[in-house]
Structure formats: structure tokens, C-alpha cells
Amino acid sequence: MGQKLAILGAGDVGRSVADLAGEYGHEVVALADSSTAVVDPDGIDVEAALERKVGGESVGTADPEAVFETDYDVLVEATPTTLGDAEPGFSHVERALEADRHVVLANKGPVAERYEELQALEADSAGSVRFEATVGGAIPVLSTIEDETPQAVTAVRGVLNGTANFILTRMAAEGLDYEHVLAEAQDLGVAEADPTFDVDGTDAALKFVILANVLADGGFALEDADVTGIQNIPGSALDLAAEDGRTIRLIGEATREGVRVAPRLVPENGPLAVTGTRNIVQIETKNAGSLHSSGRGAGGPETATAVLSDVGRLPEL
């Protein structure tokens, strides 16, 4: 049976979820950006709404508040990730769960920064919370951990920021310095105008904090992570590593004890030396050995597939 989706956030991910929902047999009854919303209990005209948004107009004429008053089954929270109190995302989740609706998050903030509160809200609700899309884009990281059971997973490590990985790949391949490659990445749209979140390790750390919370059943926030970025890596370090058959990657690790993200030496031909913007996750398990999954860790349609696979796992309310 299809679910009725209310989507908050009309960036790349929100728009892609709206666009692809029909393929998965679901109906979009509301779509909101930060200032307006389009709502229809019988299903909105997705194509028209997306055309308005991409054309620089507002997505609809209703107030975003109207989303919560419509008859939906699943709230898709795809507003931008915020740190600390994780607002307004956290309050959106809270309202949906208090109304006994399901929530699927692409927004990392609530899961990384307020995991225990999220669990408490879920425990009191008929609805469930899922958040595959918060870690590794299209890569099925959390569902794999769920299938193996978190108790049987000892550690998760890997590369979960495409921008940082692209920069390190190019520095190694071209023998160029960080500033030069960053400028190139910005020209190509791989890096943001302000790349801090990606290059200082924060984005990757949020994802590994979420993984540590899943493994340990809570207890971690961003401030608990030990994080070092890539801004201070000299090109010469990559040259030296290459002489030894190795390269440098921004590697994160989550265990029940904590989270570390830092540039690390990895074998040039090893699984963790993914190139360009690709991501890879290595899940260490008690019974199944080491599982590797790599793919696109970002992008609208890619991340939307993770959102919609979560929607498909939710029971009917």
C-alpha cells in the first residue's frame, strides 16, 4: 500500500523525493519550502510545484504550517541540517510523532545532536523514525546494520564526505596543493562557496556520530567526536605516501566507544582509497566479517532513493 507523504524542504533532496515518490507507489500530499507550501489531500501536482520552485517562484501559496494540518502518513524531513538544538528540524519531527505519524529524515541534525530525545518521542508514538538518508546518500548503510543487528556490528569506518575525497584525490593525482584544488572543486560545483562544513570534517563527523548512536543506542553528539579536517595537508604528504604505495583519505570511524574523523594513510589499491566524490563504508561484524558498500554519498535522486526505501519499510498506521 502506498503512503501519503508530506515533504518539508524543497532543496535537491526534497524535490527529488517528490519527483520519484510516484515510482515507488506513494502519493505526495504536501511539499513545503522555508516560506510556502502546496497542499492537497488528494495528491499535489508535483510537476507543477517543482517547475515553480526551479523557476525561482515559491513552491505554493499555503503557509508551511498547513503541512501539519493535512492528512499524511509520513513526514519527510529534508530541511537543511542544523547543529546544536537541530532546529527547526527537531520540532518538525516532534510534531509529527506527537500526532502519531511516521517520520523519515534526510536532515542529520536531530539524529546526530538529539538522538535520545528522538528515541523518547518515538517510544511514545504510534509512528516510527527512520533515517537511512542521513548517512552515505544512496548507500544502504543503516539498513545493513539493522539486518546484521547493531549488537553484531563492532565498528563502522570509511569515507563519507565526497567533497573532501575529491580534493584529496585530485591533490594526489595532479601533485597540486590544497588551495589550488579547492578552487577547482568550487568551479566544478563539487565544493560549496564556503566549504568549511566539508573540509573541516564536520559533515563526515555528523554521519559517524549517527552511526555511533545506532551502535551504542545513543550517547553521542557532534561535540563528542574527535575531528581533524584536510585543510592543512601539504601536497608533499601525498607524494610521500605514494612512494610507499599509499594515499591519504579523510577516514571516519564509529564504535560504541566513540567517533574519530581524521586524514589517515590507506593502501593506494585498498577498498578505502575510493576516488573522486565516491563514498565507501566498511562495516565490521562479528558473524559476517567485513562488509563493504560504496557509491554516491550525496545528490538529490541518490539520497531520495534512501528516503523512499525507508518509506517502504514503514508499517501502515
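Me: Say I click on E146. Which helix is E146 found in?

Reply: E146 is in helix 7, residues 141–148. Helices here are DSSP runs of H or I with at least four residues, strands are E runs of at least two, and both are numbered from the N terminus. Bear in mind that this is a predicted model, where local features need pLDDT of at least 70 and side-chain atom pairs count only at pLDDT 80 or more, while totals for chains, interfaces and linings use all residues. Residues are numbered from 1 along each chain as its sequence is written, and side-chain values use heavy atoms, leaving out hydrogens and water.

Me: How do I read the accessibility of E146?

Reply: Buried means under 20% relative accessible area, exposed over 50%, and partly exposed in between (1.4 Å probe, protein chains only). E146 has 40%, so it counts as partly exposed.

Me: And what does E146 touch, not counting residues up to four places away in sequence?

Reply: Contact means heavy atoms within 4.5 Å. By that rule E146 touches R130 and R313.

Me: Which residues of helix 4 are buried?

Reply: In helix 4 (residues 89–98), they are G89, F90, H92, V93, A96 and L97. They lie on the same side of helix 4 because they cover an arc of only 160 degrees around the axis, taken from the directions from the helix axis to the C-beta atoms. The general idea: an α-helix has 3.6 residues a turn, so residues three or four places apart point the same way.

Me: What follows helix 4?

Reply: D100, with a positive phi near 60 degrees.
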